[in-house]
Amino acid sequence: ARAMQAAVTADPKYVPGHFWLAQTLLRQQRSAEAREALTTALKLEPTYVPAMVELSRQHLAAGEFDQATEYARQAAKAAPDDLDARIALPRVWVATGQADRAEPEIAALASNSDCNSFSKVNSAASADCVRRTKSCSAL
């Protein structure tokens, strides 16, 4: 984390640097500091989708569902064609026992031929996982 912190200090306005610092901190199980780095990234660039998605994940992991939902919605609104942004809200829904809300979005991703990074097999499997178990760690 020291090297990433040094990089961020050298260029504090470089938004992805804050994101990658957060990723490094998360690998070191320093989630509070990671959230700070992600929040800083969003202060610098309010529509930086990777930070929104990661903040949604972190709030979800902490059981902070309202915050997770808000960041997921912001991400989906900012980048409706981005896979990570589109799957963030269904991830929250599945985690909060609302799998029926997640299923249509997952099915839409599965049928979207423009979505090169998310294969139809994987999204169909994810939708099936949601139907069968009402949860899916793959999301």
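**Helix by helix: a short tour**

Helices here are DSSP runs of H or I with at least four residues, strands are runs of E with at least two, and both are numbered from the N terminus.

Before I go on, a word on the model. It is a predicted one, where local features need pLDDT of at least 70 and side-chain atom pairs count only at pLDDT 80 or more, while totals for chains, interfaces and linings use all residues. Residues are numbered from 1 along each chain as its sequence is written, and side-chain values use heavy atoms, with hydrogens and water left out.

Now the overall picture. The protein has 8 helices and 0 strands. From the N terminus, the order reads α-α-α-α-α-α-α-α. There are 139 residues, and 42% of them are buried. Buried means under 20% relative accessible area, exposed means over 50%, and partly exposed lies in between, with a 1.4 Å probe and protein chains only. The accessible surface is about 7800 Å², and carbon and sulfur atoms account for 51% of it. Those areas come from the Shrake-Rupley method with a 1.4 Å probe; for residues, only the protein chains shown count as cover. Next, contacts, meaning heavy atoms within 4.5 Å. Take the contacts between residues at least 6 apart in sequence: 43% of these join residues at least 24 apart.

Back to Phe 65. Is it buried, exposed or partly exposed? Its relative accessibility is 36%, so Phe 65 counts as partly exposed. Setting aside residues up to four places away in sequence, Phe 65 touches Leu 60, Val 92 and Thr 96. Look at Val 92 in particular. Phe 65 and Val 92 are 27 residues apart along the chain, yet their C-alpha atoms are separated by 7.2 Å.

The axes of H5 (residues 65-78) and H6 (residues 83-95) come within 7 Å and cross at roughly 155°. H5 and H6 are therefore roughly antiparallel. Their crossing is left-handed. Who makes the contact? From H5 come Phe 65, Ala 68, Thr 69, Ala 72, Arg 73, Ala 75 and Ala 76; from H6 come Ala 85, Ala 88, Leu 89 and Val 92. By class, that contact has 9 nonpolar residues, 1 polar and 1 charged.

Some terms, quickly. Axes are lines fitted to C-alpha atoms, for helices over the stretch in contact, and angles run from 0 to 180 degrees between N-to-C directions. Under 35 degrees is roughly parallel, over 145 roughly antiparallel, 65 to 115 roughly perpendicular, and the rest oblique. A crossing is left-handed if the near helix is turned anticlockwise from the far one by less than a right angle, and right-handed if clockwise. Nonpolar covers Ala, Val, Leu, Ile, Met, Phe, Trp, Tyr, Cys and Pro; charged covers Asp, Glu, Lys and Arg; the others, Gly among them, are polar.

Next, helix H4. Ser 56 lies there. Ser 56 is buried, at 2% relative accessible area. Leaving aside neighbours within four places in sequence, Ser 56 contacts Ala 68, Tyr 71, Ala 72, Ala 88 and Val 92. His 59 is in H4 as well, which spans residues 49-61. What is the relative accessible area of His 59? The value is 9%, so His 59 is buried. Not counting residues up to four places away in sequence, His 59 touches Arg 35, Glu 64, Gln 67, Ala 68 and Tyr 71.

H4 also meets H2. Their axes come within 10 Å and cross at roughly 25°. H2 and H4 are therefore roughly parallel. The crossing of H2 with H4 is left-handed. On the H2 side, the contact uses Phe 19, Gln 23 and Leu 26; on the H4 side, Pro 50, Ala 51, Glu 54 and Gln 58.

H2 has another partner. H1 (residues 2-10) packs against H2 (residues 15-27) at about 165°, with the axes 9 Å apart. That makes the two roughly antiparallel.

Last stop: the loop between H2 and H3 (31-44), where Gln 29 is found. Gln 29 has a phi near 60°, which is positive, and it is not a glycine. Most residues other than glycine have a negative phi. At 74% relative accessibility, Gln 29 counts as exposed.
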